Amino acid sequence: MRGSNGKYPSSDGNGEVGNANGIIKYNRKCRDIVFLVFFIAFWIAMIVNSSFGFNQGNPLRLNFGLDYKGNVCGGKHKDFNLRELELKYYVNPNQVYQSGLKKSGVKLINARTICLLDCPIPSEDSLNWVCDYPEGDIRLSLDDWIDMNYDYYADLTPELRNTSLQLQGPCYPVIFPSVNVYWTCQFIDRPSNVSLTHWKQLNGVTINDDMVIDKSIHNSINTRSSVLKRYVADVGKSWPVLIVCGGLLPLFLSMLWLLMIRHFVTVMPWVTVFLFNGLIIAVTMFYYMKAGWIGNDAISPIIGEHDPYYHVSAREQHHIHTAAFLMTCVMIVAVLLSIAIVRRILMATSVAAKVIGEVHALIIFPIIPYAILAIFYMFWLSAALNLFSSGQVVRNDCNTNCCAYDLKAKRVSCDDCCGYSIHYTPHIAASILFHLFGCYWATQFIIACSSTVIAGSVASYYWARGESSERIPFLPVFSSMKLLMRYSLGSVAIGSLIVSFVESTRFILEAIRRRLKGADIMPESWIKRMMFHTSRFCLKCIELTIKSVNRNAYIMIAITGKGFFSASETASDLIISNILRIGRVNVIGDVILYLGKLCVSLASALFAFLMLDTHKYKSSHNKITSPLFPVLACWALGYVVATLFFAVVEMSIDTIILSYCQDAEEHQGTAHYAPPLLIETFDEQNEVQRIAQ
């Protein structure tokens, strides 16, 4: 008998085996304290790192550009309040043209820009102007300047008019029509003949009109860094969607699923499969709509009303097309797999439903970790927006030969023609990566704590079956929470850290693989390619194995109070000894639970699409550039929330199975404490009959 040698936790050392008081240890010691100290130090570093973002960041930079003074458009500054002036406009078309020439040496970031309320358009019968902010001898308020359509050319002195005709300011002609593309006025290479005629009559310098003038701005708008900033800004703008579809909706759906699995255990697996197939098809269709493959509701980079003949492409459109294609592949595979397992999904959930009925507090317990995660995510997202937008606004170091009139200095300055840009130091990238890793570790830690509490509660239920014991608490959930907080936080910290480290490593290696593939330096021989893809597969298997080992280790931690590594060894021995017995129940149970999580997360994504399709997120100020990131964020948040609640069923199944296996080991193959339903589930003959049917 294995229990007599002390290898398993039920041995109490005096020959008495199978006693519930010996199984669930209450006289515990603090375990893995070093890792708990490391986790606390990590949180201190997270707070310091986030404070740097709050101090240096400005989320407005994610959407809006800088003007010729280094001010962020759409923000309030010392000299000017630019809150309503969100659009960046390039006032000197020749600078834009020269920046598009490869050998000119002129860069677009040094071209003179100004913040406007809307993109200017050429006049049909005269020449419009856009003048610098009023200051110096220009006695106008900013509001009056806006009301005058940014044009005070008629009030300039002859000297200032002459410098304006040399494209040196303070006023610049509006020759090209422009359209608002992601809060930058994109020139359209269709110069106004009327405006050009008036400009030539005033003896203005030659203005280049070539396709280069619109391509230069277009390429700047579509850089990878600009697209990433807009995606992050989309998440910040759609915070009401994140709260509703990423927080409240999955909370409601998860609790509803738990209640229904408790009362309608036979029906719920079928309902889950049916809903999963319907939801994944619906989400895929929404991606098709936003990609423009169905209907006429495709995303557009142009913001606000515009000439229907203007067509501007953007990376966001390409990304939506890619997402729609990937969703199609996922949808086909998922539907086929769900149909394949639909006849084998009832066995495992019946046991868990029985446990939930007995331990009532399990249904409402996940609200506690849910509330903690919600508070953490609000803090984390706010810090993330500031970290992504952190950096210092500095004047560029350029050798451009250009001159512009300075209204304050009252002279033309040729030494101050470099533009401004946001300077990102290398440690900012490290801070962002640390912040992302911190989010994943904190999420895994809270999920692990929740799983450990559930495991302790269910173990109390199982081992109280054989006898009435005063050591089994009346409210096992709160007793399990107390044991976790007092003794086992360090063990949970190291388990969640291992998962986070492996997952992060796999993510980094996958990013490197994509870069190598993009650079076309992948291995050429088939042997090297096979080894390359095999390594990816092995890494994924290691990740899944570690997650499984961790989950079972948390169960043994809750039962025995051992440290993480000792608990992992004990759980692994039990699993190896009973691999066939566990596999029949656990694999199918995990599949249906995984489908349930996907149902909740897909429903969150679907409702996120519906909310983002309203006028609020299509208008000029609140318009999101693409629903891709907000929908993916709601999808991920919905999955995390579902994981917290579905852990009730998942950990109940795993805890009871491990307890059953340990019970059987202690009593020579016969489990003394197992409830009748579990014994029936594991009975070989009944199982054969059930499969045959």
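**Close-up views of a predicted model**

**View 1. Helix H15 spans residues 426-463.** The model is predicted, with local features requiring pLDDT of at least 70, side-chain atom pairs counting only at pLDDT 80 or more, and totals for chains, interfaces and linings using all residues. Residues are numbered from 1 along each chain as its sequence is written, and side-chain values use heavy atoms, leaving out hydrogens and water. Helices (DSSP runs of H or I, at least four residues) and strands (E, at least two) are numbered from the N terminus. From first C-alpha to last, the 38 residues of H15 reach 55 Å, close to the 56 Å expected at 1.5 Å a residue (1.5 Å times one less than the number of residues). H15 is mostly covered, with 29 of its 38 residues buried (under 20% relative accessible area; exposed is over 50%, partly exposed in between, with a 1.4 Å probe and protein chains only).

**View 2. Helix H9 (residues 239-263) packs with helix H20 (residues 628-666).** Their axes, lines fitted to C-alpha atoms over the stretch in contact, lie 8 Å apart at an angle of about 30 degrees. H9 is therefore roughly parallel to H20 (an angle under 35 degrees). The contact (heavy atoms within 4.5 Å) includes Leu242, Trp257 and Ile261 of H9 and Leu637, Phe645 and Phe646 of H20.

**View 3. Glycine 136 occupies the loop between strand S3 (129-131) and helix H4 (142-147).** Glycine 136 is partly exposed, its relative accessible area being 30%. Leucine 407 stands 271 residues from glycine 136 in sequence, yet their C-alpha atoms are 5.2 Å apart in space.

Notes:
Axes are lines fitted to C-alpha atoms, for helices over the stretch in contact, and angles run from 0 to 180 degrees between N-to-C directions. Angles under 35 degrees count as roughly parallel, over 145 as roughly antiparallel, 65 to 115 as roughly perpendicular and the rest as oblique.
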